[in-house]
Protein chains: 2
Amino acid sequence: MKNEKIDAVVCEEKSATRFSACLLFSANALARAITAIGDEEFGRFGLCYSHAYMLCEVVAQPGITPSELSETLYLTPSTITRLVEKLEQKHYVRRESEGKRTLIYATAEGEAIQPEIAQAWERVGTRYSDAIGKNDVCQLTQQVFKAAKSLGKES
Amino acid sequence: MKNEKIDAVVCEEKSATRFSACLLFSANALARAITAIGDEEFGRFGLCYSHAYMLCEVVAQPGITPSELSETLYLTPSTITRLVEKLEQKHYVRRESEGKRTLIYATAEGEAIQPEIAQAWERVGTRYSDAIGKNDVCQLTQQVFKAAKSLGKES
DNA sequence: TACCGATAGTTGTATGTGCAAACAAAAATA
DNA sequence: TATTTTTGTTTGCACATACAACTATCGGTA
């Protein structure tokens with residue numbers, strides 16, 4: 001019984017499943033695993049990884065708009081709005097309305113925690129490099145990003 | 001101004017960003033993009049991709065327990081409980097208590113939609129293969145899964 | 001037999017994310 | 001100039017997921 005049939009075809013090692021051959025499955029599993037690390041590190045100062053990334057971008061590009069952030073971060077505009085709200089609550093950014101656009105600026109406080117973010121970022125990198133292997137990481141990242149970009153256009 | 005300094009180092013093509021070199025970022029971007037496709041296809045009959053996967057597993061392994069599903073699907077037990085609840089609402093599975101364990105079985109209805117799930121699964125595969133390239137997909141999937149597994153052990 | 005730690009599962013709560021709809025402002029067209 | 005369309009942003013709602021705390025059961029030990 002059980003799943004002999006499918007497993008016989010798909011599996012080679014014991015931990016593989018009928019799902020491991022599916023990119024939809026694997027990509028989500030990877031994202032969850034690595035996000036756990038990211039949120040653990042960035043969480044030390046009360047941010048999740050996407051907040052940290054967004055804040056970096058705002059610091060680098062003062063007056064950036066939500067739609068620009070949306071493109072850079074590969075997130076929908078509504079998600080950007082929510083993230084900005086959170087960062088605003090924490091006084092890391094402020095918003096300025098300019099016509100139909102919204103300009104986002106980092107506060108002094110937001111700029112001040114940049115070093116901490118950079119450190120956390122590095123720790124995250126170290127941790128997943130250690131787990132996955134430094135050489136593989138670089139290639140994997142490139143391929144993953146390329147795939148994400150291709151799929152972004154698909155729909 | 002802007003971000004010349006960093007971009008000069010990191011970017012080669014215009015769409016790359018300081019983030020694209022980060023696996024945490026890229027993996028999440030990929031997961032979101034591919035999940036959008038998955039949910040679109042599986043959503044045609046009211047499921048999201050994780051429901052569909054779980055149902056497959058339950059059909060293949062009648063009487064499977066939440067903790068087994070948790071390992072197979074790389075999801076936390078609490079998430080499994082929530083997914084099972086959803087599938088139960090839709091009358092695709094039923095639960096049986098056996099001591100401290102819970103056994104999950106597919107209903108006739110649940111087994112009946114298996115063909116539809118298989119079709120949707122195939123459509124998803126076709127769509128991302130078309131976007132990414134058939135050859136790349138296979139290798140990418142393996143690497144992504146391997147990385148996810150390594151990271152799963154890390155924490 | 002009676003207790004205690006370990007294990008399995010569920011629930012409360014919180015959060016990131018997205019879709020669809022609403023809204024506001026700009027641009028295009030008549 | 002007036003009207004329509006398009007664009008940018010925000011909100012209402014829904015959902016997958018996780019953590020922490022809680023409950024229930026099992027297994028071992030005194």
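Which residues are linked in a network of salt bridges? In this predicted model, local features need pLDDT of at least 70 and side-chain atom pairs count only at pLDDT 80 or more, while totals for chains, interfaces and linings use all residues. Residues are numbered from 1 along each chain as its sequence is written, chains are lettered from A and ligands numbered from 1 in the order in which they are written, and side-chain values use heavy atoms, with hydrogens and water left out.

The network joins A:E40, A:E41, A:R44, A:R123 and A:R127. A salt bridge here is a side-chain nitrogen of Lys or Arg within 4 Å of a carboxyl oxygen of Asp or Glu. Over all chains, the structure holds 17 salt bridges.

Helices are DSSP runs of H or I with at least four residues, numbered from the N terminus. A:E41 is buried, at 3% relative accessibility, whereas A:R123 is partly exposed, at 33%. Buried means under 20% relative accessible area, exposed over 50%, and partly exposed in between (1.4 Å probe, protein chains only).

Another salt bridge pairs A:R101 with A:E98 (2.9 Å, N to O). A:R101 is partly exposed at 41%, and A:E98 is partly exposed at 40%.

In chain B, B:E85 and B:R82 form a salt bridge at 4.0 Å, N to O. These residues are separated by about one helical turn because they lie three residues apart in helix α5 (residues 77-89). B:R82 is exposed at 57%, while B:E85 is partly exposed at 32%.

Key. Helix = DSSP H or I, 4+ residues; strand = E, 2+ residues; numbered from the N terminus.
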